[in-house]
Amino acid sequence: MDIRFEEVSFTYQPNTPFEQAALFDLDLEIKEGSYTAIVGHTGSGKSTLLQHLNALVKPTKGKVWIGEREIIATTDNKNLKPIRKKVGIVFQFPEAQLFEETVAKDIAFGPKNFGVSDEEGKVLAKEMLELVGLDETYMERSPFDLSGGQMRRVAIAGVLAMEPEVLVLDEPTAGLDPQGRREMMQMFNELHLKKNLTIVLVTHLMNDVADFADYVYVLEKGRIVKNGTPREVFADIEWLKAKQLGVPTASEFAQLLAAKGIQFAELPLTADELARDIVALAGGDAHDE
């Protein structure tokens, strides 16, 4: 299922003294099976864009296509429930939304609202727990007795239990330590690869964009100011630095090496690419000698 924006603008509280425009004439496409990153500073419009992806808000102007469903300003709210099953959103600190007495009940809460039986809910909860790296021994535990990282996995399992076609991640590793962040991002990538799940990642961590995304949109003040593959977007390092967006660590390190005379055929984006290129360069030097 593709998602497409056509000249989408959005204004909060229009025609009031508190009117505030947040998005301006956005054209973008999130293709089925893709891993798309959306980056930009606080206030750039990322969160507002994100809420359009499953019609939590509707465009003030323009159209959002979610699969074959057209969403415009006058779309009836009563018929949007199926969309919210197809597009699951993991908001920042999703563990704050846990509330049931057991992990199993919390994960099954959403599906039961769509008519899933208690027994089916338990089966689904067990399956989703395994997907997020927890086993069935957690089923009857209180979510509030778990570690922060485990609580986040349970909350994510609750979103996955709706069996969405698109998973939207809003700063999904916020507050986690480096090891927890790596594990979480690897988990999402496995879901993307094994289930062909479309991922939309909203983040300020450029290493994650370089490591996982296949397309990037850069937002600034409600407008798309750059888009392309990670290699295309990160090729203009000086532009990124001028916008204070940061660059992947591997690219920044390679640029320092290049300033000292070490030339790369193509600027590496990831640690693996950097290591490969350095080994290749070292091998070439040794061979020349």
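Which residues line the largest cavity?

Let's start with the answer: Gly-40, His-41, Val-218, Leu-219, Glu-220, Val-225, Trp-239, Lys-243 and Leu-245 line the largest cavity. On a 1 Å grid over the protein atoms alone, a cavity is a set of points where a 1.4 Å probe fits but cannot get out, and lining residues have an atom within 4 Å of a point. Searching the whole structure turns up one cavity of 30 Å³ or more. The largest cavity holds about 40 Å³ of space, a volume being the space filled by probe spheres set on the points, with grid points joined across faces, edges and corners.

Strand β9 (residues 215–220) supplies the largest share of this lining, three residues. Strands are DSSP runs (E, at least two residues) and helices are runs of H or I (at least four), numbered from the N terminus. By class, the cavity lining has five nonpolar, two polar and two charged residues. Here Ala, Val, Leu, Ile, Met, Phe, Trp, Tyr, Cys and Pro count as nonpolar, Asp, Glu, Lys and Arg as charged, and the others, Gly among them, as polar.

## The model

This is a predicted model: local features need pLDDT of at least 70, side-chain atom pairs count only at pLDDT 80 or more, and totals for chains, interfaces and linings use all residues. Residues are numbered from 1 along each chain as its sequence is written, and side-chain values use heavy atoms, leaving out hydrogens and water.

## The open space

A pocket is an open set of points with protein on both sides within 12 Å along at least five of seven lines. The largest pocket contains about 610 Å³ of space. Of its 25 lining residues, Ile-89, Gln-97, Gly-158, Val-159 and Met-162 lie nearest the centre. Two or more lining residues come from each of α2 (81–86), β6 (87–90), α3 (103–113) and α5 (148–160), and α3 gives the most, six.
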